[in-house]
Amino acid sequence: MQEEKNLSELVLSQSQPKKTADQCSYPGLTVIIPAYNEANSVGDTLHSLQQQTCVPDEIIVVDDCSCDGTGEIARSFGVTLVRPSANTGSKAGAQNFALARVKTEFVMAIDADTTLAPDAIEKLRVAFDDPEVAAACGFVLPRYVRTLWERGRYVEYLFAFTFYKQVQDYYGKPLISSGCFSMYRKYMLQAQGGWSTRTLAEDMDLTWSFYQAGHKIRFIPQAVSYPIEPHNYRFMSRQLRRWSHGFVQNVTLHWKGLLEIPYLRSAVAVILWDAVIASFVFLFMLPLLAVVFQNPLFLLGYIIDVPALLIPLFVGGLPRKEFGKALSCLPAFFVLRTVNAYFFIEAVWSEWVLRRSFNVYEKGH
Amino acid sequence: MNVGLPGTGIGGLFYLLSALLMPIREIWLVLSKGTRFSHKRLILTQCAIAIGILAGIWLTGWLLGAALVSSQKEAMLSQMPTAGFIHEDYPNLIKTTFVFLTLGLLMIILASVQILKLLIRHRRRRYTDQQFIKRSSQTRSAISAEYKGGPETKASATSSR
């Protein structure tokens with residue numbers, strides 16, 4: 001259950017999206033956009049929402065006490081703008097702040113740095129034809145692919161969303177309904193108390209809670225979103241620390257309940273094992289073997305799975321005419337993967353061995 | 001988000017097997033539950049990806065084997081320049097042993113999850129039974145305490161006459 005905060009709400013503006021003749025309306029959908037100092041990106045997000053083939057009933061921007069004019073930019077788009085009297089402390093807190101105002105059957109959460117393909121909402125709504133579906137998420141690709149970190153993230157997403165996530169969806173168990181772009185059935189979301197702040201990965205917490213409540217989650221690859229990914233090491237490290245700790249916190253919280261969920265229990269166990277062992281191998285074993293045996297060939301272990309990685313990249317990149325781009329980004333992926341390994345080991349050590357939980361929510365850009 | 005995105009470790013093998021089992025599962029659902037054969041395109045695509053990955057892994061092993069043999073051959077030739085024709089047989093470095101070891105490890109992890117699930121269920125059942133027994137005995141105590149007032153009072157009244 002969400003901790004209740006005595007935050008007075010300031011509704012700064014309220015209106016509904018204007019529709020053109022080509023757009024259909026999606027009655028029963030409210031979009032929530034939590035925003036803290038997102039002046040550089042919230043405009044693009046709102047523009048992409050207003051250009052959707054299916055326009056939502058209402059768009060609520062939660063200006064979480066920004067100091068860069070985020071609220072003013074949002075207001076200029078004619079959306080509903082709410083502003084708590086104090087910073088809520090996290091994305092989940094900001095989203096919950098708006099949830100109380102939602103009157104529609106469905107609610108969508110989208111990050112203030114995320115734009116959508118023009119038909120993303122139209123494609124995602126199909127998932128809710130099944131009354132047991134509580135949440136649906138779409139394909140995610142970085143909006144900008146320029147720096148080393150963005151390139152690595154691009155390969156990571158293209159691989160995972162082309163292969164892993166689609167397999168998970170076939171077995172009815174997408175691991176996470178991504179926080180940057182997901183749609184929910186409101187009453188099921190409210191039954192869970194909204195987005196919880198008890199872990200740093202509220203999207204994973206909510207997804208696993210839905211499963212334990214007997215609900216379904218869907219992944220719709222045709223619904224595409226484009227968030228801004230961390231562009232330098234400083235922001236990337238914050239995001240990786242948050243995600244790694246969030247994953248470990250969620251395993252700690254949900255492990256007993258997950259044991260009753262077929263396929264998901266196996267997927268999480270395997271991911272956990274692989275992440276710990278692979279991280280250990282990447283960070284310690286490979287360099288040690290190369291030094292002890294004085295043979296640099298051991299370092300091939302960092303890139304030995306290149307052919308295996310290329311296949312999903314080819315399948316995912318070719319329809320988008322981006323296979324060449326994916327190929328050129330491949331070296332960056334190996335760097336990101338090794339850095340990811342460090343943060344995961346650090347999260348396991350901190351949360352499980354030292355019993356020191358990390359609870360500071362830091363933005364990733 | 002994908003924490004610890006694996007390459008071809010246990011996680012990769014898990015998803016490879018999951019993808020290869022998709023058509024079998026679909027056929028089983030059609031035969032046992034009478035459902036329609038849906039998700040054809042998804043199943044074909046994911047199976048093709050899995051087979052492609054397996055071929056890629058095999059090719060990697062073969063290329064590494066070829067590179068190793070070539071480097072050994074060069075070393076031999078440099079030491080014995082008058083050596084005759086050397087038959088080249090490129091071994092695949094992806095040995096069957098490694099594959100079965102990795103598969104075995106995956107099976108152990110999955111089996112451990114099942115065992116843990118049964119253990120937790122057993123503990124829950126025992127806890128529930130203990131709670132039930134505790135509540136039953138509390139209820140019995142409450143009933144007998146309430147009943148003590150009735151028959152004993154009647155008996156003492158009878159005996160006083």
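Visitor: What share of chain A counts as buried?
Guide: Of the 365 residues in chain A, 59% count as buried. Please bear in mind that this is a predicted model.

Visitor: And how many helices and strands does chain A have?
Guide: Chain A contains 11 helices and 9 strands. Its radius of gyration is 21 Å, close to the 21 Å given by the globule rule for 365 residues, so chain A is as compact as a globular protein of that length.

Visitor: What box do its C-alpha atoms fill?
Guide: Taken along the principal axes, the C-alpha atoms of chain A fill a box of roughly 70 × 45 × 40 Å.

Visitor: What about contacts along the sequence of chain A: how many join residues at least 24 apart?
Guide: If one takes contacts in chain A between residues at least 6 apart in sequence, 80% of them join residues at least 24 apart.

Visitor: What is the accessible surface of chain A?
Guide: The accessible surface of chain A comes to about 14600 Å², and carbon and sulfur atoms account for 58% of that area.

Visitor: And the charges, how far apart are their mean positions?
Guide: Chain A has 34 positive and 34 negative charges, and their mean positions are 2 Å apart.

Visitor: Let us turn to chain B. Which elements does it have, from the N terminus on?
Guide: The elements of chain B run α-α-α. In numbers, chain B has 3 helices and 0 strands.

Visitor: How many of its residues are buried?
Guide: Chain B has 161 residues, and 25% of them are buried. The accessible surface of chain B is about 11400 Å², of which 66% belongs to carbon and sulfur atoms. For contacts in chain B between residues at least 6 apart in sequence, 64% join residues at least 24 apart.

Visitor: Where is B:Arg41?
Guide: B:Arg41 is in helix α2 of chain B, which covers residues 40-79. With 73% relative accessibility, B:Arg41 counts as exposed.

Visitor: How far is B:Arg41 from B:Trp58?
Guide: These two residues are 17 residues apart along the chain, and 26 Å separates their C-alpha atoms.

Visitor: Which residues of chain B does A:Ser266 touch?
Guide: A:Ser266 touches B:Phe14 and B:Leu110, leaving out residues up to four places away in sequence. A:Ser266 sits in helix α9 of chain A, residues 264-292.

Visitor: Is A:Ser266 buried or exposed?
Guide: A:Ser266 is buried, because its relative accessible area is 11%, and the cut-off for buried is under 20%.

Visitor: What is A:Lys186 in contact with?
Guide: Apart from neighbours within four places in sequence, A:Lys186 is in contact with residues including A:Leu99, A:Val102, A:Glu105 and A:Val107. A:Lys186 belongs to helix α6 of chain A, residues 186-191. At 14% relative accessibility, A:Lys186 counts as buried.

Visitor: Where is A:Cys65 found?
Guide: A:Cys65 is in the loop between β3 (54-63) and α2 (70-76) of chain A. Although A:Cys65 is not a glycine, it has a positive phi of about 60°.

Visitor: What is the phi of A:Arg355?
Guide: A:Arg355 has a positive phi of about 60°, although A:Arg355 is not a glycine. A:Arg355 lies in the segment after α11 (323-353) of chain A, and at 68% relative accessibility A:Arg355 counts as exposed.

How values were computed
Residues are numbered from 1 along each chain as its sequence is written. Chains are lettered from A and ligands numbered from 1 in the order in which they are written. This is a predicted model: local features need pLDDT of at least 70, side-chain atom pairs count only at pLDDT 80 or more; totals for chains, interfaces and linings use all residues. Side-chain values use heavy atoms; hydrogens and water are left out. Helices (H or I, at least four residues) and strands (E, at least two) are DSSP runs, numbered from the N terminus. The radius of gyration is taken over C-alpha atoms; the globule rule is 2.2 Å times the number of residues to the power 0.38. Buried means under 20% relative accessible area, exposed over 50%, partly exposed in between (1.4 Å probe, protein chains only). Contact means heavy atoms within 4.5 Å. Accessible areas come from the Shrake-Rupley method with a 1.4 Å probe; for residues, only the protein chains shown count as cover. Lys and Arg count as positive and Asp and Glu as negative; His and the chain ends are not counted. The place of a charge is taken as NZ of Lys, CZ of Arg, CG of Asp or CD of Glu.
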